[in-house]
Amino acid sequence: MKAQRISKIERATPVTIIVNGQEIQAHAGESIAAALLAAGQRQISQNNKSSAARGYFCGMGMCFECVATVDGIPNVRTCITEVAPGCIVDTSS
Ligand code: FES
């Protein structure tokens with residue numbers, strides 16, 4: 001069997017989310033963390049004591065390194081939360 005070359009990746013419907021007051025383009029079905037990474041934002045939260053940057057680590061909801069406030073709900077694990085059109089993400093708290 002001969003391997004086929006993938007020439008184009010088709011992504012789902014584009015959606016816009018608001019991250020720290022700025023619009024970011026994402027795609028339906030993606031996690032919020034994936035959308036942030038695709039937009040070049042690697043820091044998702046910060047350590048409460050040291051203020052060290054925290055971000056995507058396990059990618060499966062186990063480490064809580066990717067928590068952010070989403071639509072006013074604090075400590076949402078962005079790696080297991082899908083984007084929704086117009087959702088508001090705050091990574092500053
Ligand atoms: S990256 Fe580990 S819980 Fe989200």
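What do strand 1 and strand 2 form, and how many residues lie between them?

A: Strand 1 and strand 2 form a hairpin with two residues between them. In the turn, Asn20 has a positive phi of about 50°. Some ground rules before going further: this is a predicted model, where local features need pLDDT of at least 70, side-chain atom pairs count only at pLDDT 80 or more, and totals for chains, interfaces and linings use all residues. Residues are numbered from 1 along each chain as its sequence is written, and side-chain values use heavy atoms, leaving out hydrogens and water.

Helices (H or I, at least four residues) and strands (E, at least two) are DSSP runs, numbered from the N terminus. By that count the protein has one helix and seven strands, in the order β-β-α-β-β-β-β-β along the sequence.

Now the hairpin. Two strands pair if DSSP finds at least two bridges between them. Strand 1 and strand 2 run antiparallel and are joined by six bridges, with Ile17 partnered by Ile24 in strand 2. Strand 1 also pairs with strand 7 (residues 88–90): these two run parallel with two bridges, and Val89 is the strand 7 partner of Val19.

What about the faces of strand 1? In a regular strand the side chains alternate between the two faces of the sheet. Buried means under 20% relative accessible area, exposed over 50%, and partly exposed in between, with a 1.4 Å probe and protein chains only.

The buried face leads us to the core. A nonpolar core is a set of buried Ala, Val, Leu, Ile, Met, Phe, Trp, Tyr and Cys residues joined through side-chain atoms within 4.5 Å. The largest one has 18 residues, and Ile17, Val19, Ile32, Leu36, Ile44, Val83 and Val89 touch the most other members. Strand 1, strand 2, helix 1 and strand 5 (67–70) are the elements giving two or more residues to this core, and helix 1 supplies the largest share, four residues. Val89, besides being the bridge partner of Val19, has contacts (heavy atoms within 4.5 Å) with Ile18, Val19, Asn20, Ile32, Ala68, Thr69 and Val70, not counting residues up to four places away in sequence.

Ser31 counts as buried because its relative accessible area is 13%. The Ser31 side chain reaches the backbone nitrogen of Ala34 at 3.0 Å. Leaving out residues up to four places away in sequence, Ser31 touches Thr78, Cys79, Thr81, Glu82 and Val83.

On cysteines: a search of the whole structure turns up zero disulfides (a disulfide being a pair of cysteine sulfur atoms within 2.5 Å). Cys87 is in none, and the nearest cysteine sulfur, that of Cys66, is 14 Å away. Cys66 counts as buried because its relative accessibility is 3%, and Cys87 does so at 4%.

Zooming out, buried residues make up 30% of the 93 residues in the protein, and the C-alpha atoms fill a box of roughly 55 × 25 × 20 Å along the principal axes.

Terms used: Polar contact = N/O pair within 3.5 Å; in protein donor to acceptor, adjacent residues only side chain to side chain.
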